[in-house]
Amino acid sequence: MKYSKVLIMLLLVVCWAGALARPDKRDKKPAGPQIERIVAADPNVSISVCVASGDIRVHGWDRNQVRARSSDTPEIELRRSGARDSELAKEIVVLTSDYERRQPASCLADVDIELDVPRGASVKVQTRDGDIHMTDVATVQAKTMNGDINLEGMKRATEADTIGGDVSFRNSTGSAKLHSVGGSIAVSGVGPGVSGDTLETATVGGEITIDKSDYVKVDAGSIGGDLNISGPLAHSARYEFNTISGDIHLFLPADSSFRLDVKFSRNSELVTDFPLKLTTGTYPSTASALKPHSPHNKISMGPEPDDLAKAAGYGLQHISGVYGTGDAMFTISSFSGAVYLRKK
């Protein structure tokens with residue numbers, strides 16, 4: 001993932017925020033009696049719900065039914081599309097009675113809503129001022145402003161975008177694209193569902209933490225936040241990490257095997273517990289460049305802190321190296337930040 005790609009994506013998200021985001025979360029209105037609606041549905045039903053202001057909770061279950069519940073509206077409609085009343089619903093749009101806004105195709109107004117859906121469902125949810133919580137569904141598209149997104153047990157594909165909130169993605173499989181402006185991203189216990197599934201994360205002003213990922217292809221980029229990666233490396237994996245004004249921390253098992261290609265700005269540095277075999281790079285020869293008291297970039301080639309060796313900053317712009325047999329590949333770009341390779 002190139003920096004231009006990251007910047008374009010993040011600029012688009014920021015523009016979306018400027019047009020729609022509100023500065024403060026809504027005030028909760030008093031809850032009324034709970035309304036519940038149920039409709040028979042296909043195991044792979046597609047469901048969509050858009051809330052202008054409110055929290056959305058979605059849970060997967062083993063029934064071929066969609067159930068919607070809310071205490072903020074006098075009426076809920078599960079509008080079917082593309083199926084007869086005698087057939088299982090294949091597409092459902094969640095609607096409510098809204099006496100403040102009666103605009104066709106507009107989002108629901110001030111509503112907290114909870115859905116139970118088949119585990120094979122594809123769910124598209126959006127809220128302008130609220131949190132999203134989803135568990136045990138197949139395919140997810142989730143967008144929120146001024147709220148967090150918490151996802152667990154996803155099975156096939158996940159897309160999550162938030163402004164002013166954090167993203168949590170845990171114990172899931174399938175391809176994933178996770179983006180946040182003004183919040184952090186935490187990923188744990190995830191991996192591909194089928195060959196070719198990838199993990200993509202990007203933040204502005206927030207950290208990215210990835211723990212125990214089995215993806216063969218991982219892209220992560222941050223502006224103004226750190227990247228923290230830990231756990232065993234997937235076989236023949238390819239990792240692309242990019243930061244602007246943030247550090248990259250890789251916590252790897254001692255028996256890891258990888259290749260490393262790092263591009264630095266003048267005020268960045270590489271510190272490693274792994275004794276790399278340098279291969280190529282626009283750096284001076286080690287005989288002349290390794291100086292113990294250089295004030296700029298440095299390479300640590302030993303596991304002990306006292307073994308740090310530093311290279312002159314004006315010459316260290318690009319380093320390639322190998323540790324072990326070079327099974328995995330790291331491609332890293334760091335501007336105004338350090339790269340740390342630590343033995344876990």
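Visitor: Which residues is Asn-64 in contact with, leaving aside its neighbours within four places in sequence?

Guide: In this predicted model, Asn-64 is in contact with Val-39, Ala-40, Ala-41, Pro-43 and Pro-118. Asn-64 itself is found in the loop between strand 2 (56-61) and strand 3 (65-70). Its C-alpha atom is separated by 9.7 Å from that of Ala-121, 57 residues apart along the chain.

Visitor: Why does Asn-64 count as partly exposed?

Guide: The relative accessibility of Asn-64 is 38%. Buried requires under 20% and exposed requires over 50%, so Asn-64, at 38%, counts as partly exposed.

Visitor: What makes Arg-69 count as buried?

Guide: Arg-69, found in strand 3, has a relative accessibility of 19%. The limit for buried is under 20%, and therefore Arg-69 counts as buried. Not counting residues up to four places away in sequence, Arg-69 touches Gln-34, Ile-35, Glu-36, Ile-76, Asp-112, Ile-113, Glu-114 and Asp-116.

Visitor: Why is the pair of Phe-258 and Phe-274 called edge-to-face?

Guide: The two ring centres are 5.4 Å apart and the planes make an angle of 85°. Phe-258 lies in strand 22 (residues 258-264) and Phe-274 in the loop between strand 23 (269-272) and strand 24 (277-280), so the pair ties together parts that are 16 residues apart in sequence.

Visitor: What makes the pair of Phe-274 and Tyr-323 edge-to-face?

Guide: Here the values are 4.9 Å centre to centre and 70° between the planes. With limits of within 6.5 Å and over 60 degrees, this pair is therefore edge-to-face. Phe-274 and Tyr-323, the latter in strand 27 (residues 318-323), are 49 residues apart. Phe-274 has a relative accessible area of 0% and is buried; Tyr-323, at 16%, counts as buried.

Visitor: Which residues form one aromatic cluster with Phe-274?

Guide: The cluster is formed by Tyr-239, Phe-241, Phe-258, Phe-274, Tyr-323 and Phe-330. Lys-343 lies over the face of Phe-274, at 5.5 Å from the ring centre. Phe-241 and Phe-258 are also, with Met-134, the residues with the most contacts inside the largest nonpolar core, which has 69 residues. The largest share of this core, 7 residues, comes from strand 1 (residues 35-53).

Visitor: How do you know that strand 18 is largely enclosed by the rest of the structure?

Guide: Of the 7 residues of strand 18 (residues 217-223), 5 are buried, so the strand is largely enclosed.

Visitor: What makes strand 18 a partner of strand 16 and of strand 20?

Guide: A pairing needs at least two bridges. Strand 16 (residues 199-204) is joined to strand 18 by 6 bridges, and strand 18 to strand 20 (residues 238-244) by 7, so both count as pairs. Strands 16 and 18 run parallel, as do strands 18 and 20. Thr-203 has Ser-222 as its bridge partner in strand 18, while Gly-221 stands opposite Asn-242 in strand 20.

Visitor: What pLDDT does the protein average, and where does it stay under 50?

Guide: The average is 83, and 77% of the residues score at least 70. The pLDDT stays under 50 over residues 19-23, and over residues 300-316 the pLDDT is below 50. Where pLDDT is low, the predicted coordinates should not be read in detail.

Notes:
Residues numbered from 1 in each chain as written. Predicted model: local features only at pLDDT ≥ 70, side-chain atom pairs only at ≥ 80, totals over all residues. Heavy atoms only, no water. pLDDT = per-residue confidence, 0-100. Contact = heavy atoms within 4.5 Å. Helix = DSSP H or I, 4+ residues; strand = E, 2+ residues; numbered from the N terminus. Buried < 20%, exposed > 50% of the residue type's maximum accessible area, 1.4 Å probe, protein only. Phe/Tyr/Trp six-rings, centres within 6.5 Å; stacked < 30°, edge-to-face > 60°. Lys NZ or Arg CZ within 6 Å of the ring centre and 35° of its normal. Core = buried A, V, L, I, M, F, W, Y, C linked by side-chain atoms within 4.5 Å.
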